[in-house]
Amino acid sequence: MRQIPTRNACAAATILLFLTLPLALHHHSAHAADNYDDITTTLIGDWANYGAVTTYATDTSAMASYGLTTSTNAASGTLTTSGKAGHGMSIHNYSEGQNHGTITTSGEFASGIMTGIYSTVSNHGTISTTGQRAHGINVYGACTVTNSGHITTTGENAHGVFLNGPTDTVLNSGSIAASGNGAHAILAYSSTVHLLTGTRILAGDVWGTSSTLTLDGLGTVDFDIGGTWNALTKTGAGTWSFTRDISATPQSLRLEGGTLAIARGVGLRGDSYTQNAGTTLLVAPDGTTTPLTVTNAANLDGALLVQAVSTAIGTTATVLHAGSGVSGTFDSVRSMDTNPNFTLRVDYGSNDVTVTQNYTPQWDSSALGLASTLTTARGFATIAATRGAMMLSQAPAPEREILIAGLGSTDGLLLPRDDDSRLGMYLQPVFASGSRDEGAGGIGYDWDTMGFEIGLDYLLTPELLLGIMGGYATTDIDFTGSAFVANDTEEQETCTLGVYGAWGPGNWRITDVLSVARVEHDSRRNAGLGQTAEGDSTSWILGNQFRLAHVWTPQKWEITPHVGLNTTHLSREGFSETGALNAVRYDDFDKTFWEGVVGAQIRHAFHTDSGAVITPFVGLDYGFALNDNDITMRQYLPTDSALVTTENDDEHISVELGLSLARGPLGLTVAFTEDHASNSETRAARATLRVEF
């Protein structure tokens, strides 16, 4: 056990100081003046030092104030002493001392500042002492000390700030480092210690006997607090965090202002605990260590904030134990970071307050990402289907499909090839963007897609065409709908290959596209606690798109009703996120989706003298799910799991307005699509360029 130094030596040094005072007075008479020189005599009384004072004698201070005088060491001033009880500043009897510069002492009992009897001292500069019981600031007798500077002491029982008492006070917002056997950063007897915002205890601890300790503003207790404190009180706005256990067991723990935070695995102990309204107790229960334990009563008010983490999900942890009982309740209990994926239940027992943490995810951004891959893959298939239908018609392609947030088709872009040509090739850059509004799923997203598709086909007969296609696209998704997901993103990279065919007997058009797509997902998700969970996964899509359309051309207008069937099989192996304490492991997913499509399009082609074709068009589609198209996936945490269902729209109505411009092998289509569904509204704009070879 650490031995607490006695005050006898300090008292003896004080008596010796007063006995030798007459001897010191002959060095310099007391008067108000400024010193800019390098001198070796003591400045006594109302002096301001801008120069350098160096003393070598025993019991000789560089500056001294005795009785209603003020000594100031300016920012440019240096005070250096060498010798036993050679203090940088000696301030006594209702006097004041200020250090803005540098004080360096060397020798036994040689304090940076020695003060007593209703005096006030402040350090805003640097104090360095070396020697046994060579304290940074040595205080006795109802004095007030302010430290916003730096104090470093080296030596046995050499304390940073030594409050001998009684009723001394220190207000610290600076840094203190005390090194040596029995050395404390702050040692207080029957006194008051205020640790303010900016406090840094770099070496040593804060030790008190029959004293009070106040943590004001914000800071971190990453040092030991030892001794027998009458009270430990948190005041003022801001958060003081205990990141380690402390040795002391204060008689009274009080939370009167701001937030008191207790880190995971840390247990704070006391005789009693009182929390006022408007304050917050922040705990991080781990199921093993009780954050707050008192032997007597606990009186509760204010808020309880819980740092919920995956390792404690599904468990019940004691956050407070009071040996003599708990009175009152917290007026609110919530998860840190307002993480909507964790819910808390608090229970008040006669002696314990417990919190049960549950995992109740509100959405699955990974599933939303999967849903978007379906529309991308179908968009690629639509391009090929449109190509096949167009090749069998002398007019722009008669059939189309509007997909939720999809790439859209390319009606009106691909002109029929020359009559003598049977082998054809197309290259089609694609750009699309849009958004899905927040619906029952809780969040939506904005997306942008860029890519291209290339195809090669052969006209076997005037009514039959077969072809192969491939495509590549990148999609950037930004999730919306909640402040918690404001920075959540997913990047997708899609590669697709497929075969397509078209048959056009008379005015009928039958097209079919069989394709496979590989999608790489790279996601970033807010996991709470200021951390981001990152995920990498791969999904596969096997799809078939069938369309049956009939071309009706009254008076050069083209009206094309159509029906269709989309069959899509989506699979993804499970994967685990990384980079966050609340990272999630996702289960495998494997499901087939069936969707029916009924719609019609009206268009009219206008031919110009230059050979260009301008084709405005309007389309209306109704899509409906033929089976359950929601995505349900199990998410795993270390101690719990949950099934999360992302609702996709069962039916939707799409309206599209567009304009196609074509001349020779080049074509451009711009269009706007708006899709209305039960859970969301989606808007997409697209611009597609076509080149025929």
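Arg 254 is partly exposed, at a relative accessible area of 29% (partly exposed lies between buried, under 20%, and exposed, over 50%, with a 1.4 Å probe and protein chains only). The model is predicted, so local features need pLDDT of at least 70 and side-chain atom pairs count only at pLDDT 80 or more, while totals for chains, interfaces and linings use all residues. Residues are numbered from 1 along each chain as its sequence is written, and side-chain values use heavy atoms, without hydrogens and water.

Arg 254 pairs with Glu 256 in a salt bridge, with 2.8 Å between the closest N and O atoms; the term requires a side-chain nitrogen of Lys or Arg within 4 Å of a carboxyl oxygen of Asp or Glu. Glu 256 is partly exposed at 36%. The count of salt bridges is eight.

Another joins Arg 345 and Asp 347 at 3.2 Å between the closest N and O atoms. Arg 345 is partly exposed at 44%, and Asp 347 at 31%.

Arg 524 and Glu 534 also form a salt bridge, 2.6 Å from N to O. Arg 524 lies in strand β45 (residues 508–526) and Glu 534 in strand β46 (residues 532–550), 10 residues apart; strands are DSSP runs of E, at least two residues, numbered from the N terminus.

The largest nonpolar core has 62 residues, and Tyr 273 is among the members that touch the most others. Such a core is a set of buried Ala, Val, Leu, Ile, Met, Phe, Trp, Tyr and Cys residues joined through side-chain atoms within 4.5 Å. Beyond its neighbours within four places in sequence, Tyr 273 has contacts (heavy atoms within 4.5 Å) that include Leu 253, Leu 281 and Leu 320. Apart from this core lies another, of 21 residues, including Leu 374 and Tyr 586.

Conventions. Helices (H or I, at least four residues) and strands (E, at least two) are DSSP runs, numbered from the N terminus.
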